[in-house]
Amino acid sequence: MDKTHYAEMCENLDSLLQRGELAGKNVYLFGHCNATETLADRLLEKGISVCAILDNNERKHGKSYRDIPIKAPRGILSEAEGDSAVCIAARAYESMAEQLRGMGYMGQIHKMVEYDSFAEYSLSEDTLKRKRARLERGLARHRELTEKFPGSMKILCPFQALGDICFAMSYLPHFLAERGIQHCVVCVVGQACAQVVKLFGNYPVEILPQKAMDEVIQAALYTNDRDSFIAHQDRPYVVDLHRALYVKCIPLEQIYCCGVYGLPRGTEPVRPSCWKPFHDQGRIQKGKAVILSPYAKSVVSLPDNVWSQIVEDYAGRGFQCFTNVAGEETPLEGTLPIRSELAEMQPLVEYAGTFIGIRSGLCDVLRYADCRKIALYPDYNYCDTQWKAIDMYALDGWENIVVKDDFVWKKC
């Protein structure tokens with residue numbers, strides 16, 4: 001979960017608590033994902049217990065997060081009306097709330113994060129007034145971009161996701177060449193995504209806050225702007241590629257290549273090449289260090305004992321163990337923190353010799369690094385499809401390992 005949505009979630013939770021909305025309630029969460037785990041952490045910090053995490057994926061039932069069981073949604077119907085509340089931090093709030101009401105649940109349902117502020121279906125005068133103001137802001141920002149970058153195609157990357165930016169940039173040059181586009185500006189959310197863009201060359205980059213990005217995209221769609229292109233696969237009002245995944249497993253990179261950009265299958269992706277030396281290389285013993293990356297914004301976390309097994313193994317064999325950290329993240333026990341710019345990451349892991357990370361966008365950034373590379377996949381399904389995360393995200397040239405309940409590192 002990115003900082004903006006985390007701050008919004010915390011603010012909404014504090015507001016609920018101040019109003020006493022959760023007092024005496026049996027609290028449930030809906031949708032097991034990184035955002036839900038983050039919400040669970042916050043509730044526990046506030047001294048509020050969580051009865052269960054509701055999830056439609058039967059494969060998750062019987063598992064738990066921090067001793068909070070994951071159960072089927074219908075389990076909440078045993079609650080007496082008025083005694084429970086469901087808090088939703090996942091993106092699919094509307095469909096989750098509709099499902100609960102359709103089952104007959106009459107308790108409280110609280111939306112903790114507003115991901116798509118244009119997806120509101122009320123026709124009240126207040127709503128229409130706010131939406132008109134929102135569209136006007138989007139149109140104004142859209143005009144500003146057009147004036148700032150005249151004659152340039154606006155490549156809009158909707159979400160703060162490093163992996164998606166990598167895929168978008170890997171095929172963008174082919175897309176521009178096929179359309180005869182000479183100039184473009186890549187619009188992203190957040191500094192980290194801008195750094196990924198710069199790995200692929202000297203592209204003009206415009207950094208927008210998430211809500212401003214949503215407004216610009218809405219304006220581009222409203223005006224049918226032919227000089228704007230939304231470079232993302234999970235936007236049903238653009239390409240609706242997600243539906244194909246209910247029938248066939250299509251790796252995410254192929255979805256970008258063929259579905260988003262309309263390029264022929266087999267088009268060779270452009271590799272990131274604008275790296276720079278790691279600034280603190282003297283700390284590292286060349287070829288005898290492991291860089292561990294346990295944190296990800298959009299992936300459910302792995303159990304602590306997974307990382308402790310890995311650290312124990314590598315430390316026991318004389319390796320230096322580092323945890324890649326950013327912001328307020330803390331190093332794994334038994335490791336040292338290491339911080340680097342994204343442009344330094346590939347030289348860093350190549351010098352260290354080994355990289356082990358939870359499968360996240362950082363793995364896409366490092367996909368071509370010349371070292372031992374291991375990606376760890378939580379055992380979950382991609383969205384609500386039948387395909388596992390490893391089916392969608394497996395990396396060529398990497399050791400791809402699914403972490404199940406009986407995971408033992410030394411067997412890998």
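The second largest pocket in this predicted model has a volume of about 450 Å³. Its lining runs to 23 residues, and Y171, E253, Q254, R367 and D396 sit closest to the pocket's centre. One of the helices that supply the lining, α5, also packs against α6, so here's a quick look at both spots, with the angle of about 30° putting the two helices in the roughly parallel class.

**Lining of the second largest pocket**

- The largest share comes from α8, with 5 residues of the lining.
- By residue type, the lining of this pocket splits into 13 nonpolar, 7 charged and 3 polar.

**How α5 and α6 pack**

- Helix α5 covers residues 162-179 and helix α6 covers residues 191-199.
- Their axes lie 9 Å apart, at an angle of about 30°.
- Angles under 35 degrees count as roughly parallel, and α5 and α6 are therefore roughly parallel to each other.
- The crossing of α5 past α6 is right-handed.

**Who touches whom**

- On the α5 side, the contact is made by L162, I165, C166 and M169.
- Across from them, α6 brings A192, C193, V196 and V197.
- Sort the residues of this α5 and α6 contact by type and you get 8 nonpolar, no polar and no charged.

Conventions: Residues numbered from 1 in each chain as written. Predicted model: local features only at pLDDT ≥ 70, side-chain atom pairs only at ≥ 80, totals over all residues. Heavy atoms only, no water. Axes fitted to C-alpha atoms, helices over the stretch in contact; angles between N-to-C directions. Helix = DSSP H or I, 4+ residues; strand = E, 2+ residues; numbered from the N terminus. Parallel < 35°, antiparallel > 145°, perpendicular 65-115°, else oblique. Left-handed = near helix turned anticlockwise from the far one by under 90°. Contact = heavy atoms within 4.5 Å. Nonpolar A, V, L, I, M, F, W, Y, C, P; charged D, E, K, R; others polar. 1 Å grid on protein atoms, 1.4 Å probe; cavity = no way out; pocket = protein on both sides within 12 Å on 5 of 7 lines; lining within 4 Å. Points joined across faces, edges and corners; volume = space filled by probe spheres on them.
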